[in-house]
Amino acid sequence: LMPAMSGLQLAARVRERTRTLPIVLLSGYPAEQLAEDAGVPADVVFMAKPPDRAALRALLARLTRADA
């Protein structure tokens, strides 16, 4: 947990400033629970903790290629 705000709140603040920065949320909560409880935005990528390292590397490589 972050002390000042949740990851979803941080993602919303980032989106207010830029639409182009890829956002990846890592959470110990299941994606289904977050989607129901808090509404993970469609443009935010969710990964459950602990992430599979190979999948995380592949995701970050794809996002940074798409952003370039």
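The model is a predicted one, and a look at its confidence is a friendly place to start. Across the chain, the average pLDDT is 84, and 82% of the residues score at least 70. Confidence is highest in helix H1, with a mean of 91. It is lowest in helix H2, residues 31-37, where the mean is 63. Where pLDDT is low, predicted coordinates should not be read in detail.

The largest nonpolar core comes next. It contains 6 residues: Leu8, Ala11, Ile23, Leu25, Val44 and Phe46. Three elements each supply at least two residues of this core, namely helix H1 (7-17), strand S1 (23-27) and strand S2 (44-48).

Attention now turns to charged side chains. The whole structure holds 2 salt bridges. In one of them, the side chains of arginine 15 and aspartate 43 meet at 2.5 Å, N to O. This pair links distant parts of the chain, as arginine 15 sits in helix H1 and aspartate 43 in the loop between H2 and S2, 28 residues apart. Another salt bridge joins the side chains of arginine 19 and aspartate 43, at 3.4 Å, N to O. Arginine 19 lies in the loop between H1 and S1 and aspartate 43 in the loop between H2 and S2, so this pair ties together parts that are 24 residues apart in sequence. Taken together, Arg15, Arg19 and Asp43 form a linked network of salt bridges.

Aspartate 43 reaches 32% and is partly exposed. Arginine 19, with a relative accessible area of 61%, is exposed because its value is over 50%.

Which residues does it touch, leaving aside its neighbours within four places in sequence? The contacts are Thr20, Leu21, Pro22, Ile23 and Asp43. Of these, Ile23 also belongs to the largest nonpolar core, while the side chain of Asp43 makes a polar contact with the side chain of arginine 15 at 2.5 Å.

Key. Residues numbered from 1 in each chain as written. Predicted model: local features only at pLDDT ≥ 70, side-chain atom pairs only at ≥ 80, totals over all residues. Heavy atoms only, no water. Core = buried A, V, L, I, M, F, W, Y, C linked by side-chain atoms within 4.5 Å. Buried < 20%, exposed > 50% of the residue type's maximum accessible area, 1.4 Å probe, protein only. Helix = DSSP H or I, 4+ residues; strand = E, 2+ residues; numbered from the N terminus. Polar contact = N/O pair within 3.5 Å; in protein donor to acceptor, adjacent residues only side chain to side chain. Contact = heavy atoms within 4.5 Å. pLDDT = per-residue confidence, 0-100. Salt bridge = Lys/Arg side-chain N within 4 Å of Asp/Glu carboxyl O.
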